[in-house]
Amino acid sequence: QVQLVESGGGLVQAGDSLRLSCAASGRTFSSSAMGWFRQRPGKEREFVAAISWSSVMKDYADSVKARFTISRDNAKNTVYLQMNSLKPEDTAVYYCAAAKPALYSRSAYTSSGGYDYWGQGTQVTVSS
């Protein structure tokens with residue numbers, strides 16, 4: 001079993017930066033792909049970023065590419081999402097997700113169905 005706890009959300013202005021953290025418990029963390037998703041008001045949950053266990057493979061949604069960076073520290077069982085140049089349309093609840101250990105698959109890990117464990121989410125609000 002893996003438990004995920006997100007932190008770092010808040011209220012910021014357009015153009016600001018935030019770093020989200022996701023602390024994971026469970027001995028399989030270092031072998032698991034991790035992802036960030038978000039759910040904007042009135043919208044379905046959508047993919048934001050994913051990272052393989054080794055950090056070699058990373059994927060991003062087009063809407064955040066070049067602004068957001070996903071990273072992880074396996075020694076700390078933590079995955080991060082650095083968000084720069086935030087826009088009002090980035091306002092959402094951000095969720096951390098973990099997959100069971102497997103070979104990295106872009107098609108799997110850019111979809112919510114590729115993940116087995118989810119955090120409770122952290123609110124990010126970007127004002128204009």
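A disulfide is a covalent bond between the sulfur atoms of two cysteines. The model is a predicted one, in which local features need pLDDT of at least 70 and side-chain atom pairs count only at pLDDT 80 or more, while totals for chains, interfaces and linings use all residues. Residues are numbered from 1 along each chain as its sequence is written, and side-chain values use heavy atoms, with hydrogens and water left out.

**The disulfide**

The bond is formed by C22 and C96, whose sulfur atoms are 2.1 Å apart. It links distant parts of the chain, since C22 lies in strand 3 (residues 18-25) and C96 in strand 9 (residues 92-98), 74 residues apart. Strands are DSSP runs of E with at least two residues, numbered from the N terminus. The torsion about the S-S bond of C22 and C96 is about -80°, so the disulfide is left-handed. C22 is buried, at a relative accessible area of 0%, and C96 is buried at 0%. Buried means under 20% relative accessible area, exposed means over 50%, and partly exposed lies in between (1.4 Å probe, protein chains only).

**Aromatic rings**

Six aromatic pairs are found in a search of the whole structure. Rings of Phe, Tyr and Trp (its six-membered ring) pair if their centres lie within 6.5 Å; planes under 30 degrees apart count as stacked, over 60 as edge-to-face and the rest as tilted. One of the pairs is F37 with F47, which is edge-to-face, at 5.7 Å centre to centre and 75° between the planes. This pair also links distant parts of the chain: F37 belongs to strand 4 (residues 34-39) and F47 to strand 5 (residues 45-51), ten residues apart. F37 is buried, with a relative accessible area of 1%, and F47 counts as buried at 13% relative accessibility.

Y115 and W118 form another pair, with ring centres 6.1 Å apart and planes at 65°, so this pair is edge-to-face. Y115 counts as buried at 6% relative accessibility, whereas W118 counts as partly exposed at 27%. Ring pairs link F37, F47, Y104, Y109, Y115 and W118 into a cluster.

**Charges over rings**

A charge sits over a ring if NZ of Lys or CZ of Arg is within 6 Å of the ring centre and within 35 degrees of the ring normal. The table gives two cases.

| Charged residue | Ring | Distance to ring centre |
|---|---|---|
| R45 | Y95 | 3.9 Å |
| R72 | F29 | 4.6 Å |

**Two serines**

S21 is found in strand 3 and is buried, with a relative accessible area of 16%. Apart from neighbours within four places in sequence, S21 is in contact with V5, E6, S7, W36, T78, V79 and Y80. Contact means heavy atoms within 4.5 Å.

S71 lies in strand 7 (residues 68-73). At 27% relative accessibility, S71 counts as partly exposed. With residues up to four places away in sequence not counted, S71 touches I51, V79 and Y80. The C-alpha atoms of S71 and D90 are separated by 19 Å, the two residues being 19 residues apart along the chain.

Notes:
Helix = DSSP H or I, 4+ residues; strand = E, 2+ residues; numbered from the N terminus. Disulfide = S-S within 2.5 Å.
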